[in-house]
Amino acid sequence: MSTPRKQIILGAYLGGVNHHTAWWHPEAGSQIDFSSFEHTARTAERGKFDFFFLAEGLILRERAGKIFDQDIIGRPDTFTVLASIAAVTEHLGLAGTINATFNEPYELARQFASLDHLSGGRAAWNVVTSFDAFTGQNFRRGGFLDPADRYARAEETLNAVRALWDSWDANDIVADKDAGRFLARPDAGAFAFRGSQFDISGRFTVPRSPQGRPVILQAGVSPQGRAFAAANADAIFSPYGKLPEAADFYRDIKSRAVAAGRAAYDIKILPSASFVLGDTEAEAIEKYHAVRNEQVTGQTALILLEQIWNRDLSGYDPEGPVPDIDPDPDAPPIIQGRAFVHQDRFATAERLRQVAETKKLSLREVVIDQFERGPLVGTPAQVAEKIDTFVQNDGSDGFILGSHLVPWGLDEFVDRVVPLLQDRGALRTEYTGTTLRDNLGLPNVRSAKTVSADA
């Protein structure tokens, strides 16, 4: 008996930093105008994508105390954007990145349940955490969390939010006009949650939403992050774009989910990827190199390496060698706000030096070569083959795709690659579910499981 063909999950994101986008391109649009969000979302829905993903930063990044223009700065409020997109789409899931450290469970539960109602069951929450005082200075709580405590707070936040969602059952509203009876039970919406972070009780104001619980997304590579995602998330973002390391991550997360009492198919694995298409493979490769050279300017390359070295590298020539000095992890951070934190700065620096020496690359060329995860480059047929092969071999359950050109880049993928995936029988030709959970192959949670909880 043959194994059923896996259906590929597709998400779309709109890029926000010039390391990933070419904002100066003559055809590039705004990263903040609603027209850009609308076009990307409508295009994704035309391609039968599962969801639109919106990242979010809570503070503008700084370099040596000054805001720098490596970011396309400015991002409107997540819920406002997603609610607006809900009005111009019918099937596309709406995934928002919202921080669990600086938001309270009641407001999070209310906002996502409201979005789920307004969209007819298409809401998803990408749960992220923060521990640094730099980000915390924008909030009342400040940077009060020790890094080791961020997942503890995130898990308790999520448990509290679920307790609020579960305070209503799908059948609590009867609205019997003849009998003059609105509620099935007088304590609908009552909740109580007590833990190390929260001690809350009351009545939740939003009845059970179409999905019961909005979809939960999470990203975590560390053992602590993997354990949190495997126990709590419906989907996890994978940092691996190449087999076999992606398959190892896939097996690890699925086995952790089973150990946590879940089914392996209850959690989906989704790496992000960019793509560059050409009529021939040679044309696609040439186009890809041209795009990367535009994306990674000398200034961009230096700042990306400063995140590793934690030193001022502005005196180095981007077309020269990789710095031979060691990183300085104990110095005050030169880059603050959403900077990538490396687990081992010294090992990373040494690896980049070795790559530069082996491949005879300059500092900027090393960044171009190393700061890209599994780009999908080739003809439409080759890219379709790469995606399908990767998913069918359990490298992931799908991909979250973005383009260097905002907002028009996704059009080419939908027009040229999506039909080929559909011909393979690996991608739907029409939406069959009514909610995001349906389309992702996840169970809807329509009845209350938890009305009160003590963590």
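Predicted model: local features only at pLDDT ≥ 70, side-chain atom pairs only at ≥ 80, totals over all residues.
Helices (H or I, at least four residues) and strands (E, at least two) are taken here as DSSP runs, numbered from the N terminus. Residues are numbered from 1 along each chain as its sequence is written, and side-chain values use heavy atoms, with hydrogens and water left out.

Asn310 sits in the loop between α9 (298-309) and β14. With a relative accessible area of 8%, Asn310 is buried (under 20%; exposed is over 50%, partly exposed in between, using a 1.4 Å probe and protein chains only). Its side chain reaches the backbone oxygen of Ala331 at 3.0 Å, and a polar atom of that side chain lies 3.0 Å from the backbone nitrogen of Ile334. Leaving aside residues up to four places away in sequence, Asn310 touches Asp328, Pro329, Ala331, Pro332, Pro333, Ile334 and Arg345 (contact meaning heavy atoms within 4.5 Å).

As for β14, an open sheet of 3 strands runs in the order β4-β3-β14, with antiparallel pairing (two strands pair if DSSP finds at least two bridges between them). β4 (66-67) and β14 (335-336) are the edge strands, each with a single partner, so one side of each has no neighbour in the sheet. Strand β3 (residues 62-63) is joined to β4 by 2 bridges, and Arg63 stands opposite Lys66 in β4.

How values were computed:
Polar contact = N/O pair within 3.5 Å; in protein donor to acceptor, adjacent residues only side chain to side chain.
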